[in-house]
Amino acid sequence: MVGMEEEEEEEQRRPPVSPFGVYFNSSSISLAVLAVLEIEEPINIPHSRLVFLLDTLLLRVHPRFSSVIVTGKDGEQRWKRVEVNLKDHIKTAVFPENRSPEYYEERFSGYLSEISAELFLGNRPLWEIHFVKYPTTNAAGNVVFKIHHAIGDGYSLMAALLSCFKRSDDPSLPLTFPDIRIRRSGDAGGGKKAAAFNTVSDLWTSFSKTKLLADDLSPVRSGETGVGFRPISAATMAFSLDQIKQIKSKLGMTVNDVVTGTVFLGTRMYMKEMEPGSEDAETTSIVVLNTRMLRSYNSVHDMMMSKATESPWGNHFAFLHVGLPKLMLGGATGNDDNGGRQESTMARRSLEFLKATQKVIQKKRSSVAVHLNGGLIQLYRKLRGSEAASSYVYWAVKNTSMAITNMIGPTEKMTLADHHVKGLYFLLAGNPQNLTVTMVSYMGQMRVSIGTEKGFIDPNKLKSCIQRAFDLILNSTC
């Protein structure tokens with residue numbers, strides 16, 4: 001009997017998996033983050049040094065990296081510490097030798113697609129590191145961290161990864177991040193009545209998308225189930241933060257307004273090009289928002305030491321449903337015979353679309369639904385159980401067309417084991433939507449990545465549409 005009591009006490013001492021960690025580790029959704037580091041020089045890290053670095057840095061960043069998820073007798077998911085065999089977590093891609101960078105670029109894209117569809121084994125900690133030691137068109141080699149979302153959200157994972165990096169120009173100095181201005185609920189103006197109305201409207205939209213109404217089928221939404229367990233295809237692009245800030249200043253917007261509006265416009269242009277008329281389809285995006293109200297990245301040590309900190313470890317985010325504006329775009333590509341006039345019309349309408357997007361986002365900023373949604377899902381979980389709450393989140397996401405999320409990266413170049421990081425981007429695997437757009441800033445650039453269901457959406461065509469949308473907006477304003 002004593003042994004059973006001790007076992008129960010030990011089980012209760014294990015930290016519970018956060019609510020969103022539970023939702024993203026269920027039969028409905030298994031969500032992972034793929035952080036891709038483009039390395040400037042050929043990768044040559046001795047295995048012994050790599051094991052040492054992972055053991056002394058990553059595994060000591062947070063206990064989640066040496067824990068597995070177990071279900072207790074009370075039915076709750078908890079973290080259990082285990083011994084880590086680092087060999088199980090270090091993967092090295094093997095391709096044919098002496099091929100062109102273009103060949104390896106294609107093979108690397110296929111490799112990302114392949115590992116995006118692989119589920120983690122439940123008897124190991126939920127992370128892997130992949131080395132692709134072949135030169136692509138963008139880098140001399142690539143390192144991919146694949147980490148399950150149950151371990152933490154983008155903020156936590158970025159802080160954990162950065163604890164393993166040093167600053168290239170001076171390793172003794174810490175990495176720094178761009179200053180951000182916090183916008184709290186209600187900052188957008190309009191008074192308490194407007195805030196109350198927008199909150200009720202947002203809550204109804206969230207509920208109806210989950211239980212009643214789904215987005216129209218379109219070139220960016222198939223409506224099929226099981227999308228999250230299929231391979232993804234990816235494409236990335238980089239925009240100058242200085243140019244984004246120029247647009248922002250000219251139009252009186254935020255950086256987020258400009259980038260989100262550009263992605264939305266490019267998506268509508270892609271829809272029109274692929275299926276004329278579909279650009280007016282009911283299309284909603286899940287916009288993921290961090291709820292920490294943070295100004296910059298805290299150290300992982302600070303996250304763990306204080307429960308009262310504004311940036312605790314774990315999953316601390318919420319999402320809102322943001323409808324893409326419906327706007328007549330004229331010719332989708334500007335390739336009509338009347339050339340200059342068509343281009344002028346497209347430029348004018350691109351700014352109209354951007355302002356329409358800003359208006360939608362401003363209404364969301366005056367709403368507190370982003371906080372209430374999380375509480376309602378928690379209540380649903382208490383009443384119906386974790387699996388039912390996971391299903392609720394699944395349908396809230398699946399019934400929409402796309403997701404957008406972003407992170408702030410450092411302003412200085414980083415090194416990993418004396419290897420310089422030329423570029424940085426991340427992807428989401430396991431999302432039950434056909435389209436996910438992720439963004440991260442790094443060294444004065446905003447890297448935008450498109451993750452699409454392989455074979456359904458053409459990521460390179462969508463990429464060209466988003467780039468064209470940005471060019472139209474930039475040329476019209478600057």
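Predicted model: local features only at pLDDT ≥ 70, side-chain atom pairs only at ≥ 80, totals over all residues.

Residues are numbered from 1 along each chain as its sequence is written, and side-chain values use heavy atoms, with hydrogens and water left out.

**Exercise 1. Describe how helix α7 and helix α13 meet.**

Step 1: find the elements. The protein has 13 helices and 15 strands; these are DSSP runs numbered from the N terminus, helices being H or I with at least four residues and strands E with at least two. Helix α7 covers residues 241-251 and helix α13 residues 459-477.

Step 2: look at the axes, which are lines fitted to C-alpha atoms over the stretch in contact, with angles from 0 to 180 degrees between N-to-C directions. The two axes come within 10 Å and cross at roughly 55°. Therefore α7 is oblique to α13 (under 35 degrees is roughly parallel, over 145 roughly antiparallel, 65 to 115 roughly perpendicular, and the rest oblique).

Step 3: list the contacts, meaning heavy atoms within 4.5 Å. From α7, Gln-243, Ile-244, Gln-246, Ile-247, Lys-250 and Leu-251 meet Phe-470, Ile-473, Leu-474 and Thr-477 of α13. These residues divide into six nonpolar, three polar and one charged (Ala, Val, Leu, Ile, Met, Phe, Trp, Tyr, Cys and Pro are nonpolar; Asp, Glu, Lys and Arg charged; the others, Gly among them, polar).

**Exercise 2. Is Glu-279 buried or exposed, and which residues does Glu-279 contact?**

Step 1: locate Glu-279, which sits in the loop between α8 (255-274) and β9 (284-290).

Step 2: check accessibility. Buried means under 20% relative accessible area, exposed over 50%, and partly exposed in between, using a 1.4 Å probe and protein chains only. Glu-279 has 5%, so this residue is buried.

Step 3: find the partners. A polar side-chain atom of Glu-279 lies 2.9 Å from the backbone nitrogen of Gly-277. Setting aside neighbours within four places in sequence, Glu-279 contacts Arg-268, Met-271 and Lys-272.

**Exercise 3. Work out the surroundings of Leu-435.**

Step 1: Leu-435 belongs to strand β14, residues 435-442.

Step 2: its relative accessibility is 0%, so Leu-435 counts as buried.

Step 3: residues up to four places away in sequence are not counted, and the residues that Leu-435 touches include Val-220, Thr-267, Met-402 and Leu-462.

Step 4: compare sequence with space. Leu-435 and Ser-285 are 150 residues apart along the chain, yet their C-alpha atoms are separated by 9.5 Å.

Notes
Polar contact = N/O pair within 3.5 Å; in protein donor to acceptor, adjacent residues only side chain to side chain.
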